[in-house]
Amino acid sequence: MNTAVDLAPLFRFVLVRTSHPGNIGSAARAIRTMGFTRMELVAPHRFPDPEAHALAAGADDVLEAAGVHAELVDGLVGSTFALGLSARRRGVNLPELSPREGAEQALAAAARGEQVALLFGNERTGLENDELARCHAMVRIPSVDDFSSLNLSQAVQVMAYELRTVMLGDAPSEAPPEHDRPLADAAQMERFYEHLGQTLDDIDFHKGRSAETIMLRLRKLFQRAQMDERELRVLHGILADAQRMAMLAGKGGK
């Protein structure tokens with residue numbers, strides 16, 4: 001198997017709230033030189049834009065095929081493993097990986113047939129906590145402490161290079177998948193989190209505690225579990241029963 005060729009289509013580079021169209025073009029050039037072609041844009045400030053094409057330096061096929069989405073979950077549809085790039089430690093408690101470790105884990109997921117997403121945030125603020133919460137791990141590029149800010153396209157280039165380097169090494173062992181059914185993708189997980197959040201409200205679970213903090217912790221737990229579609233259906237059924245019992249209890253108290 002030619003790993004670099006066969007697995008490259010399973011990777012997508014997701015740019016979130018990009019301010020400068022030139023960075024979109026430079027990122028397209030960066031991934032194209034490493035053999036990747038899929039880019040998803042979430043709420044870009046300006047796109048399409050002549051500056052993006054100018055800085056793509058010929059990677060126009062990447063720009064023309066790029067998906068443009070209003071919401072992050074739409075850019076993640078189909079993906080079952082996501083890595084978020086962040087220069088700073090955030091409030092979201094995620095496993096923290098080096099670029100090489102992230103590339104190795106991403107390649108192992110792709111070798112199992114999973115679609116992999118690499119998320120890059122806005123140039124000034126990076127990924128927000130709710131965006132990182134959709135990831136399975138965080139990657140930090142080990143820059144110096146007193147000047148840690150990389151240009152967006154440079155960060156994209158680092159990860160694209162690390163992925164290609166790992167791909168061109170020994171092919172990953174094709175271990176049997178941990179699940180015998182398809183993993184739930186990002187859109188399915190987001191619907192589950194919405195159902196979970198509504199159920200917690202219906203049963204008055206929070207009782208003055210921070211709903212946002214609890215949901216972030218639960219997201220981390222379920223992201224780590226990487227549930228398949230059948231397991232997710234079971235959990236939806238449990239939540240639906242809890243909601244029904246809460247509704248009956250409410251009627252009984254009137």
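In this predicted model, helix 6 and helix 8 meet through a set of named residues: Pro 99, Arg 100, Ala 103, Glu 104, Ala 106 and Leu 107 in helix 6 are in contact with Val 158, Met 159, Glu 162, Leu 163, Thr 165, Val 166 and Met 167 in helix 8. By class, this contact has 9 nonpolar, 1 polar and 3 charged residues.

**Packing of helix 6 and helix 8**

- Two packed helices are described by the angle between their axes and by the distance between those axes.
- Helix 6 covers residues 99-111 and helix 8 covers residues 152-167; they pack at an angle of about 55 degrees, and their axes lie 9 Å apart.
- Angles of 65 to 115 degrees count as roughly perpendicular and those under 35 degrees as roughly parallel, and helix 6 and helix 8 are therefore oblique to each other.
- The crossing of helix 6 and helix 8 is right-handed.

**The cavity**

- The count comes to 1 cavity of 30 Å³ or more.
- The largest cavity holds about 180 Å³ of space.
- Its lining is made of 20 residues, and the closest to the centre are His 136, Asp 185, Ala 186, Met 189 and Gln 223.
- Strand 4 (81-85), helix 9 (186-202) and helix 10 (211-225) are the elements that give two or more residues to this lining.
- Helix 9 gives the most to the lining of the largest cavity, with 4 residues.
- Sorted by class, the lining of the largest cavity has 11 nonpolar, 5 polar and 4 charged residues.

**The largest pocket**

- The largest pocket contains about 450 Å³ of space.
- A total of 23 residues line the largest pocket, and Ser 86, Ala 87, Glu 123, Gly 126 and Leu 150 lie nearest its centre.
- The lining of the largest pocket divides into 9 nonpolar, 9 polar and 5 charged residues.

**The second largest pocket**

- The volume of the second largest pocket is about 260 Å³.
- The second largest pocket is lined by 14 residues, of which Phe 81, Gln 105, His 136, Arg 224 and Gln 226 lie nearest its centre.
- At least two residues of this lining come from helix 6, and at least two from helix 10.
- Helix 10 gives the most to the lining of the second largest pocket, with 3 residues.
- By class, the lining of the second largest pocket has 7 nonpolar, 4 polar and 3 charged residues.

Definitions and conventions:
Residues are numbered from 1 along each chain as its sequence is written. This is a predicted model: local features need pLDDT of at least 70, side-chain atom pairs count only at pLDDT 80 or more; totals for chains, interfaces and linings use all residues. Side-chain values use heavy atoms; hydrogens and water are left out. Axes are lines fitted to C-alpha atoms, for helices over the stretch in contact, and angles run from 0 to 180 degrees between N-to-C directions. Angles under 35 degrees count as roughly parallel, over 145 as roughly antiparallel, 65 to 115 as roughly perpendicular and the rest as oblique. A crossing is left-handed if the near helix is turned anticlockwise from the far one by less than a right angle, and right-handed if clockwise. Contact means heavy atoms within 4.5 Å. Ala, Val, Leu, Ile, Met, Phe, Trp, Tyr, Cys and Pro count as nonpolar, Asp, Glu, Lys and Arg as charged, and the others, Gly among them, as polar. On a 1 Å grid over the protein atoms alone, a cavity is a set of points where a 1.4 Å probe fits but cannot get out, and a pocket is an open set with protein on both sides within 12 Å along at least five of seven lines; lining residues have an atom within 4 Å of a point. Grid points are joined across faces, edges and corners, and a volume is the space filled by probe spheres set on the points.
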